[in-house]
Amino acid sequence: MRSSSIVYLSWKALRYRPLRSLLLIGTIALTLYFPRALQEFINRSEEVLSARARSTPLLIGPRGSSIDLTLNALYFTSQELPALRYSSYEALSQKNYGKTIPIYSRFLAGQSPLVGTSLAYFKLRGLTVSTGRTMTRLGDCVIGANLAQNENLQPGDTITSSPENIFDLAGVYPLRMRITGILAPNRTPDDDAIFVDLKSAWIIEGLAHGHEELSRSETLELQRDSKGEFLRANASVIEFNEVTDTNVGDFHFHGDRGNYPLSSVILVPHNQKQRALALAHYGDPVTAEQIVIPAVAVEQLAKTLFATQRLAFTAFTLLGIAALALALMVFLLSFRLREREMLTYSKIGATGRAVACLQGVEVLVIIAAATILAQAGIVLTRSAAQDIFTRLIS
Amino acid sequence: MLIPEFRCEAGQTIALVGPSGCGKSTFLNLIAGIIRPSTGSIFIDETDVTTLKRSASAAFRLSRIGLIFQEFELIEHLSVGDNILLPYHLGTDTTRSVIEKRGRDLASHLGILPYWDTLPSALSHGERQRAAIARALSTRPRLLLADEPTGNLDPENKRKALDLMHLTAKEHDQGLLVVTHDLELIDSFDTIIHFEELNQSGKQLMP
């Protein structure tokens with residue numbers, strides 16, 4: 001029997017029962033896809049995690065979970081730890097272990113994390129402004145490429161921070177920020193973030209504000225205490241919710257700057273010796289801060305991921321075996337139902353081998369189509385894994 | 001079943017008649033090599049088909065014997081054309097173009113050419129029967145074995161189909177052995193055999 005005829009007759013048989021054929025292809029494809037895709041996803045996620053962690057030499061933050069601290073600094077996840085005092089940052093800078101980059105990642109604008117930092121952060125991450133320029137004034141922000149694309153934002157547009165609690169009058173105020181630049185995409189959480197100067201983040205925190213001049217008589221109330229009489233501004237004073245070139249001079253800070261909050265500080269040591277000194281200093285349990293090597297913290301996280309992967313892999317493998325057994329049964333039942341057709345081939349003059357070939361090619365076509373489909377899915381998963389993982393973790 | 005001797009000469013047409021269950025279809029399967037006799041020999045031309053191995057027997061059947069089954073035995077997922085071309089697909093020596101030309105001529109003669117690309121499920125019983133006849137004749141076999149080939153045909157098509165089988169048998173020196181209950185048509189055969197007379201065992205195969 002000619003090979004072309006075997007393929008032709010098998011193809012005709014498969015086409016005649018498209019639903020059965022597609023179901024078999026789908027079932028086998030999914031069976032092959034899930035364990036491999038999971039493996040690809042975990043591997044790629046680990047690579048992504050490790051790459052970002054490796055580019056962050058050391059991290060100093062409040063004591064607590066090193067993984068929470070790392071994820072907040074690297075992926076801008078919600079801040080679970082207490083704030084680090086600005087005075088700690090100043091103390092670290094004075095020790096001159098290396099370059100210090102403050103991170104204050106607590107607020108959101110819509111779903112996007114708002115990160116207060118310095119321009120040194122852009123240099124560390126290799127971020128460049130593709131359109132516009134970096135922030136130069138209070139209330140300026142630079143946004144990631146994804147955010148700009150998704151929200152159709154351009155330099156010159158504004159974006160407003162989200163209040164944390166609308167009933168908390170003394171709490172976080174929404175601040176309308178001027179977008180000065182769009183970052184070039186780099187396929188990291190930076191693509192979805194909004195970057196502001198640390199002081200702008202503190203304005204959102206409520207530690208600084210700007211308001212109209214207290215020249216109107218109705219804005220002032222005469223009050224008295226044990227020291228005597230004094231004038232106090234009342235609630236009719238108009239506070240600015242946007243920094244402009246005309247009102248920027250009216251913004252001012254209150255309280256002790258040393259108590260201002262940060263999430264963490266990235267430390268890029270000058271050299272190995274300074275690195276060792278920093279590790280030794282913050283490794284001392286009496287210090288209020290902890291030092292974290294992000295690569296080590298991520299390794300711990302990866303171990304957890306691997307344990308989960310092993311469980312899921314086992315589950316998928318068992319399900320896969322069951323699905324393949326079912327597919328085999330479908331094949332056998334199908335051939336049994338078509339026994340008469342096979343008998344006709346034999347009666348007309350097909351050898352037993354030719355009939356077996358016809359059945360075998362049908363099975364092979366199904367398996368080949370399922371394998372191609374699964375492989376295509378795996379390639380897609382591999383290419384999308386980084387973005388999916390970044391979104392999931394953020 | 002005990003058949004002491006049976007001969008069908010080249011170009012001879014034989015009608016085999018007998019009551020249902022007397023073993024006529026089994027006899028055709030024996031001649032075709034689909035089932036083997038417990039003893040004895042069956043020669044087609046110079047070949048004893050009972051000595052052939054299974055694969056050789058299948059190849060012999062494909063090239064030398066045409067079969068028309070009582071239940072048509074068309075492959076449901078193949079079009080009429082592909083069913084007629086089935087012997088080519090299964091490996092007969094004749095080229096595709098030759099088989100296709102013969103098939104189309106036969107289909108045209110039998111009135112089923114318009115259904116060349118149609119699946120058998122869309123055809124009437126009579127049209128399917130005619131497609132099965134065209135498939136069996138397309139290889140120009142040395143021996144054509146037909147089991148009730150006209151059972152599902154109307155009188156006009158019955159006559160047409162039978163005439164075609166007789167014509168090809170005479171033109172190409174084929175032996176034609178037809179099992180039939182249709183006593184109106186058996187006059188056209190060279191020989192009429194009552195299977196009960198042929199079978200010396202005296203046993204009914206089926207009640």
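Strand β7 (residues 158–160) of chain A pairs with β8(A) in the antiparallel sense over three bridges, and A:T160 stands opposite A:R176 in β8(A). Two strands are said to pair if DSSP finds at least two bridges between them; strands here are DSSP runs of E with at least two residues, helices are runs of H or I with at least four, and both are numbered from the N terminus. Please keep in mind that this is a predicted model, in which local features need pLDDT of at least 70 and side-chain atom pairs count only at pLDDT 80 or more, while totals for chains, interfaces and linings use all residues. Residues are numbered from 1 along each chain as its sequence is written, and chains are lettered from A and ligands numbered from 1 in the order in which they are written.

Let's stay with strand β8 (residues 176–183) of chain A, where six of the eight residues are buried. Buried means that 20 or more other C-beta atoms lie within 10 Å of the residue's own; exposed means 12 or fewer, partly exposed is in between, and C-beta atoms are placed from the backbone. Strand β5 (residues 129–132) of chain A runs antiparallel to β8(A), joined by three bridges, with A:T131 opposite A:I182. β6(A) runs parallel to β8(A) and is joined to it by four bridges; here A:D140 stands opposite A:R178.

β9 (residues 194–197) in turn pairs with β4 (residues 112–117) of chain A in the parallel sense over four bridges, and A:G116 stands opposite A:V196.

Now for a helix. α1 (residues 3–16) of chain A reaches 20 Å from its first C-alpha to its last, close to the 20 Å expected at 1.5 Å a residue (1.5 Å times one less than its number of residues). Its buried residues are A:L9, A:S10, A:A13 and A:L14. Why are they on the same side of α1(A)? They cover an arc of only 135 degrees around the axis, taken from the directions from the helix axis to the C-beta atoms. On the other side, A:S4 and A:R15 are exposed.

Finally, the cores: sets of buried Ala, Val, Leu, Ile, Met, Phe, Trp, Tyr and Cys residues joined through C-beta atoms within 7 Å. The largest nonpolar core has 63 residues, and its largest share, six residues, comes from helix α6 (residues 125–137) of chain B. A second, separate core of 62 residues includes A:V115 and A:I179.
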